[in-house]
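Student: I have a protein model open and would like to learn how to read it. Where do I begin?

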Amino acid sequence: MTPPYRVGDELPPLEIPVTRTLIVAGAIASRDYQDVHHDAASAREKGSPDIFMNILTTNGLVGRYITDHFGPTAVLRKVAIRLGAPNYPGDVLRLTGRIIELRTADTSSADASSDEVVDAVEAIEAVVQVTGGNGIGRHVTGTVAVTLPEPSVKRAGA
């Protein structure tokens with residue numbers, strides 16, 4: 001089976017408005033209570049012009065970008081990112097990606113609840129280089145490894 005993806009394929013960009021609510025909600029959801037993620041006065045006292053997004057929110061948005069593109073059966077295997085320019089409220093984070101590697105792995109399994117045997121499940125793993133920029137520069141760079149299962153089903157005894 002030929003995979004529907006090729007090395008060098010570009011993912012369509014995703015633009016995410018960076019709102020104050022997104023920054024604060026992301027910090028709360030990830031239990032990051034550092035004041036620089038929710039208190040503008042404290043952030044300014046520490047040298048920042050405003051609150052800014054935490055790395056866990058960025059990590060989640062990168063994961064969303066990948067799974068939105070590859071679909072609900074995609075499984076994130078590894079997300080390795082590095083932050084650069086901060087995401088401040090009022091800006092837009094623009095994520096882009098490019099497939100830099102494709103790998104296949106074969107496995108076999110049986111479904112005990114039916115007479116079907118799932119034989120030679122070809123799992124395609126894509127490695128995607130992701131970048132995300134905003135109005136002041138590059139916010140995030142990294143790679144994501146994602147597995148895309150493509151089962152081929154054979155009937156028992158076939």
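This is a predicted model: local features need pLDDT of at least 70, side-chain atom pairs count only at pLDDT 80 or more; totals for chains, interfaces and linings use all residues.

Student: How many helices and strands does the protein have, and in what order do they run?

Tutor: There are three helices and six strands. Starting at the N terminus, the order is β-α-α-α-β-β-β-β-β.

Student: What share of the contacts between residues at least 6 apart in sequence joins residues at least 24 apart?

Tutor: That share is 72%.

Student: How do I read a single helix? Which residues of H1 are buried?

Tutor: The general idea comes first. An α-helix has 3.6 residues a turn, so residues three or four places apart point the same way. In H1, which spans residues 20-29, the buried residues are Ile 23, Gly 26 and Ala 27. Seen down the axis of H1, these buried residues fall within an arc of 100°, so they line one face of the helix.

Student: What covers the buried residues of H1?

Tutor: The cover includes strand E1 (10-18) and helix H3 (55-70).

Student: Which exposed residues sit on the face of H1 turned away from its buried side?

Tutor: Thr 21 and Ala 29 are the exposed residues there. Take Ala 29 as the worked case: its relative accessibility is 67%, and the cut-off for exposed is over 50%, so Ala 29 counts as exposed. Sequence distance is a separate matter from distance in space. Ala 29 and Thr 57 are 28 residues apart in sequence, while their C-alpha atoms are 8.5 Å apart.

Student: What should I look at in the backbone after H1?

Tutor: Look at phi. Most residues other than glycine have a negative phi. Arg 31, which follows H1, has a positive phi, near 55°, although Arg 31 is not a glycine. This residue lies in the loop between H1 and helix H2 (40-45).

Student: Is Arg 31 buried or exposed?

Tutor: Arg 31 counts as exposed, with a relative accessibility of 69%.

Student: How do I read the nonpolar core? Which residues touch the most other members of the largest one?

Tutor: The largest nonpolar core has 24 residues, and Ile 66, Phe 70, Leu 95 and Val 130 touch the most other members. Two or more residues come from each of E1, H3, strand E3 (91-110), strand E4 (116-134) and strand E5 (137-150). H3 gives the most, with five residues.

Student: What does Leu 95 touch, leaving out residues up to four places away in sequence?

Tutor: Among its contacts are Pro 12, Leu 14, Ile 16, Leu 61, Tyr 65, Val 130 and Val 140.

Student: How many aromatic pairs does a search of the whole structure find?

Tutor: The search finds one. To read such a pair, look at the distance between the ring centres and the angle between the planes. Tyr 5 and Phe 70 lie 4.9 Å apart, centre to centre, with 75° between the planes, and the pair is edge-to-face. Tyr 5 is in the segment before E1 and Phe 70 is in helix H3, so the pair links parts of the chain 65 residues apart.

Student: Why does Phe 70 count as buried?

Tutor: Phe 70 has a relative accessibility of 8%, and buried means under 20%, so Phe 70 counts as buried.

Terms used. Residues are numbered from 1 along each chain as its sequence is written. Side-chain values use heavy atoms; hydrogens and water are left out. Helices (H or I, at least four residues) and strands (E, at least two) are DSSP runs, numbered from the N terminus. Contact means heavy atoms within 4.5 Å. Buried means under 20% relative accessible area, exposed over 50%, partly exposed in between (1.4 Å probe, protein chains only). The arc is that of the directions from the helix axis to the C-beta atoms. A nonpolar core is a set of buried Ala, Val, Leu, Ile, Met, Phe, Trp, Tyr and Cys residues joined through side-chain atoms within 4.5 Å. Rings of Phe, Tyr and Trp (its six-membered ring) pair if their centres lie within 6.5 Å; planes under 30 degrees apart count as stacked, over 60 as edge-to-face and the rest as tilted.
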